[in-house]
Amino acid sequence: MELQGKRITVIGGGIGGLAAALALRQRGAEVRVLEQAAEISEVGAGLQISPNGQRVLDALGLNLDGAMRARAVSLRDGRRGTEVLRLDLARLGPEQAYHFVHRADLIALLLTAARDAGVQISLSQTVAEVRDDGAPSAVTTDGTVWTADLIVAADGLKSLTRGVLNGAARPRFTGQVAWRAVVANTCAHPPEARVHMGPGRHLVTYPLRGGHLVNLVAVEERDNWAAEGWSHRDDPANLRRAFAGFGGDVPGLLAQVADPGLWGLFRHPVAARWHGAGVVLLGDAAHPTLPFLAQGANLALEDAWVLAACLDQRGVVPGLTGYQSLRRPRVARVIAAAQGNAWKYHLRNPLLRGAAHLALRAAGRLAPGRMVHQFDWLYGFDVTRDDPARK
Ligand SMILES: Cc1cc2nc3c(=O)[nH]c(=O)nc-3n(C[C@H](O)[C@H](O)[C@H](O)COP(=O)(O)OP(=O)(O)OC[C@H]3O[C@@H](n4cnc5c(N)ncnc54)[C@H](O)[C@@H]3O)c2cc1C
């Protein structure tokens with residue numbers, strides 16, 4: 001079809017870039033990935049892959065051994081350590097698989113599959129300039145000009161290419177910081193995501209790698225902020241202090257944290273322009289999201305499939321337009337839903353919090369199915385359906 005023999009350069013070897021490289025290669029494109037890091041590796045952390053992202057992995061022919069199937073999402077009163085609402089994921093149906101995966105395992109799987117399929121991976125290549133002037137190209141810091149028929153920019157949260165297409169935009173601090181850490185599973189954490197809610201803060205925990213590890217993401221509201229990024233470390237005493245009033249398994253898990261990462265959470269607008277004539281954005285580069293719905297990587301996987309399908313079925317110019325018009329409303333809706341979650345978890349007023357917890361408990365008892373099926377629009381979404389190239 002249209003992608004056969006097209007030369008495509010992908011900037012960024014993260015989840016979005018590698019998934020796009022594989023999807024494009026599987027449809028016949030000649031693909032090269034330029035990654036700034038000297039090796040493609042991932043910091044230890046977990047990822048929730050929901051059914052909408054899992055369908056893309058399935059369609060790409062990938063099987064994540066070692067991923068843990070999630071049974072439930074449990075919203076909990078952080079202080080009491082008791083459950084407020086249980087979303088039984090089995091109610092989604094057997095074909096709707098929700099998994100907890102180690103980011104490093106997903107990256108390794110995508111990287112191996114991309115290499116095996118014939119994708120060229122060029123490491124230690126930092127793109128300093130992207131040109132969209134009739135001969136799309138990426139210029140690396142050593143002066144090499146990589147020309148292609150199309151540049152796919154999956155260069156993440158701090159995308160250089162988003163600025164090239166849209167001009168500079170200042171992200172807005174959300175008033176929240178997040179710590180993350182992975183610890184040993186000393187509390188027999190069941191295969192469920194637990195959201196431990198408290199005033200102005202919440203902590204998400206879920207098991208990884210056969211249940212040997214527990215992934216922690218802890219969010220606290222703050223006036224002052226940490227710089228945006230993934231690589232800031234913090235004293236674990238600060239994390240323990242922030243969650244000192246929490247009960248249940250929380251103190252035991254936090255006691256093990258040695259060297260947590262800390263970062264500020266920023267709100268970025270969804271890019272207005274996702275593509276030029278020969279350059280296109282994908283994943284966080286187009287639409288960074290807050291982590292409150294665990295959808296950033298899932299959206300990047302959806303993007304990768306839709307981009308490859310649109311280009312293959314329609315050719316480059318109409319394909320790029322089709323990709324943006326299919327993806328923008330979807331990601332805007334998901335991002336808005338993620339932004340809405342934080343305040344629900346963080347209610348400060350004890351009366352309001354008590355009433356909200358009572359209402360959730362009652363809804364969970366009276367209509368457990370409805371509580372899960374409110375997410376059908378999110379998890380039931382299938383970008384691979386009706387695609388003639390579906391393997
Ligand atoms: C705490 C936390 C928890 C999360 N949990 C989940 C979850 O459970 N489920 C979920 O779906 N999502 C989750 N996410 C979001 C998810 O991790 C991201 O949305 C996803 O990784 C984005 O992938 P990406 O490929 O677009 O960008 P990235 O993963 O950021 O990859 C970008 C790549 O581009 C490279 N790069 C950047 N600039 C250049 C350049 N100039 N030249 C060359 N290379 C370059 C980088 O080195 C990097 O490898 C979470 C995020 C956070 C912060």
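Two strands pair if DSSP finds at least two bridges between them. Helices (H or I, at least four residues) and strands (E, at least two) are DSSP runs, numbered from the N terminus. This is a predicted model, in which local features need pLDDT of at least 70, side-chain atom pairs count only at pLDDT 80 or more, and totals for chains, interfaces and linings use all residues. Residues are numbered from 1 along each chain as its sequence is written, and side-chain values use heavy atoms, without hydrogens and water.

Start with one pair. Strand 5 (residues 72-77) and strand 6 (residues 82-88) run antiparallel, joined by six bridges. Ser74 stands opposite Arg86 in strand 6.

Now the whole chain. It holds eleven helices and 18 strands. Its C-alpha atoms fill a box of roughly 60 × 40 × 35 Å along the principal axes. The radius of gyration, taken over C-alpha atoms, is 21 Å, which agrees with the value near 21 Å for a compact globule of 391 residues. The globule rule is 2.2 Å times the number of residues to the power 0.38.

Of the 391 residues, 57% are buried, meaning under 20% relative accessible area with a 1.4 Å probe, protein chains only. Take contacts (heavy atoms within 4.5 Å) between residues at least 6 apart in sequence: 76% join residues at least 24 apart.

Last, charge. The chain has 44 positive and 36 negative side chains, counting Lys and Arg as positive and Asp and Glu as negative, with His and the chain ends left out. The centres of the two sets lie 7 Å apart, each charge being placed at NZ of Lys, CZ of Arg, CG of Asp or CD of Glu.

Definitions and conventions. Buried < 20%, exposed > 50% of the residue type's maximum accessible area, 1.4 Å probe, protein only.
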